[in-house]
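Please look over the chain shown below before reading on.

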Amino acid sequence: VPQWLDVLFRMLRNHELAAAMGFDEQVFCGTSTEQTRQIGNAVPVNTATALVTSVCADLMKSARGSESRHADAA
């Protein structure tokens, strides 16, 4: 005889959503629905940090390479 398992869950509160996205101290304005939308449309803090760090490193590497090419040409 099959048995049914009742799965219980709840929606996360805004402070829980913000913590999951890496927002520790940020304050969100508006109604609860507006805050949820702001948090949900954000890029997680650690992801944004990794992306910016990677882009900056590539830009610095590229700038160093172009400086050496210009020095060789002179």
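**Helices, core and selected residues**

Helix H1 is followed by Gly22, whose phi is positive, near 95°; helices here are DSSP runs of H or I with at least four residues, numbered from the N terminus. The model is predicted, so local features need pLDDT of at least 70 and side-chain atom pairs count only at pLDDT 80 or more, while totals for chains, interfaces and linings use all residues. Residues are numbered from 1 along each chain as its sequence is written, and side-chain values use heavy atoms, with hydrogens and water left out.

- In H1, which spans residues 14-21, Asn14, Ala18 and Met21 are buried, where buried means under 20% relative accessible area, exposed over 50% and partly exposed in between, with a 1.4 Å probe and protein chains only.
- Seen down the axis of H1, these buried residues fall within an arc of 65°, so they line one face of the helix; the arc is that of the directions from the helix axis to the C-beta atoms.
- An α-helix has 3.6 residues a turn, so residues three or four places apart point the same way.
- His15 and Ala20, on the other side of H1, are exposed.
- Ala19 also lies in H1, and with a relative accessible area of 46% Ala19 is partly exposed.

**Packing of H1 with H2**

- The axes of H1 and of helix H2, residues 32-40, come within 10 Å and cross at roughly 10°, the axes being lines fitted to C-alpha atoms, for helices over the stretch in contact, with angles running from 0 to 180 degrees between N-to-C directions.
- H1 and H2 are therefore roughly parallel to each other, a term that applies to angles under 35 degrees.
- Asn14, Leu17, Ala18 and Met21 of H1 make the contact with Ser32, Gln35, Thr36 and Ile39 of H2, contact meaning heavy atoms within 4.5 Å.

**Nonpolar core**

- The largest nonpolar core has 5 residues, namely Ala18, Met21, Phe23, Phe28 and Ile39; such a core is a set of buried Ala, Val, Leu, Ile, Met, Phe, Trp, Tyr and Cys residues joined through side-chain atoms within 4.5 Å.
- Leaving aside residues up to four places away in sequence, Phe28 touches Ala18, Phe23, Gln35, Gln38 and Ile39.

- Ala42 is found in the loop between H2 and helix H3, which covers 45-73, and at 23% relative accessibility Ala42 counts as partly exposed.
- Ala42 touches Met21 and Phe23, again not counting residues up to four places away in sequence.
- Leu51, in helix H3, is exposed, with a relative accessible area of 52%.
- Leu51 and Glu25 are 26 residues apart in sequence, and their C-alpha atoms are 21 Å apart in space.

How values were computed
Helices (H or I, at least four residues) and strands (E, at least two) are DSSP runs, numbered from the N terminus. Angles under 35 degrees count as roughly parallel, over 145 as roughly antiparallel, 65 to 115 as roughly perpendicular and the rest as oblique.
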